[in-house]
Amino acid sequence: MNRIPFPGNVLREKRQELDFTLDEVYKKLRIPVSSLTAFEEGRTHDLPPMTYSLGFLRTYCVFLGLPPEQYAD
């Protein structure tokens, strides 16, 4: 079964468009920079357990003004 790559580049581009660094996002949301980086680079295998990752991802999407459902599926 082929897996669809996670579209982390969209998250990174939106963050950069809003002019936030990863450290600034961490300070506002308390999502570890390692998780933010893994999302943006599409390295879903490097994320913490699913429950934490989904919560982080939903929070990050809302912060960026993106629909979390599109990324959390």
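Let's start at one helix contact. Val 25, Lys 28 and Leu 29 in α2 meet Thr 59, Tyr 60 and Phe 63 in α4. Contact here means heavy atoms within 4.5 Å. Helices are DSSP runs of H or I with at least four residues, numbered from the N terminus. By class, this contact of α2 with α4 divides into 4 nonpolar, 1 polar and 1 charged. The classes are simple: Ala, Val, Leu, Ile, Met, Phe, Trp, Tyr, Cys and Pro are nonpolar, Asp, Glu, Lys and Arg are charged, and the others, Gly among them, are polar.

A word on the source. This is a predicted model, where local features need pLDDT of at least 70 and side-chain atom pairs count only at pLDDT 80 or more, while totals for chains, interfaces and linings use all residues. Residues are numbered from 1 along each chain as its sequence is written, and side-chain values use heavy atoms, with hydrogens and water left out.

Now the geometry. The axes of α2 and α4 come within 12 Å and cross at roughly 110°. That makes α2 roughly perpendicular to α4. The term covers angles of 65 to 115 degrees. Axes are lines fitted to C-alpha atoms, for helices over the stretch in contact, with angles from 0 to 180 degrees between N-to-C directions.

Next, α3 and α4. Helix α3 spans residues 33–41, and helix α4 spans residues 50–64. Their axes come within 11 Å and cross at roughly 75°. So α3 and α4 are also roughly perpendicular to each other. Which residues make the contact? From α3, they are Ser 35, Leu 36, Phe 39 and Glu 40. From α4, they are Ser 53, Phe 56, Leu 57 and Tyr 60. That set divides into 5 nonpolar, 2 polar and 1 charged.

Take Ser 53, in helix α4. Buried or exposed? Ser 53 has 8% relative accessibility, so it counts as buried. Buried means under 20% relative accessible area, exposed over 50%, and partly exposed in between, with a 1.4 Å probe and protein chains only. Leaving out residues up to four places away in sequence, Ser 53 touches Phe 39, Leu 47 and Pro 48.

Over to Tyr 26, in helix α2. Tyr 26 is partly exposed, at 32% relative accessibility. With residues up to four places away again not counted, Tyr 26 touches Ile 31, Pro 32, Val 33 and Leu 36. Tyr 26 and Leu 36 are 10 residues apart along the chain, and their C-alpha atoms are separated by 8.2 Å.

On to aromatics. Rings of Phe, Tyr and Trp (its six-membered ring) pair if their centres lie within 6.5 Å. Planes under 30 degrees apart are stacked, over 60 edge-to-face, and the rest tilted. The count comes to 1 aromatic pair. The rings of Phe 20 and Phe 63 have centres 5.0 Å apart and planes at 55°, so the pair is tilted. Phe 20 sits in the loop between α1 (8–17) and α2 (22–29), Phe 63 in helix α4, 43 residues apart. Phe 20 is partly exposed, at 22%. Phe 63 is partly exposed too, at 23%.

Last stop, α1. Its buried residues are Gly 8, Leu 11 and Arg 15. They cover an arc of only 55° around the axis, which puts them on the same side of α1. The arc is that of the directions from the helix axis to the C-beta atoms. An α-helix has 3.6 residues a turn, so residues three or four places apart point the same way. What covers the buried residues of α1 includes α2, α3, α4 and α5 (68–72). Just after α1, Asp 19 takes a positive phi of about 65°.

Technical notes:
Helices (H or I, at least four residues) and strands (E, at least two) are DSSP runs, numbered from the N terminus. Angles under 35 degrees count as roughly parallel, over 145 as roughly antiparallel, 65 to 115 as roughly perpendicular and the rest as oblique.
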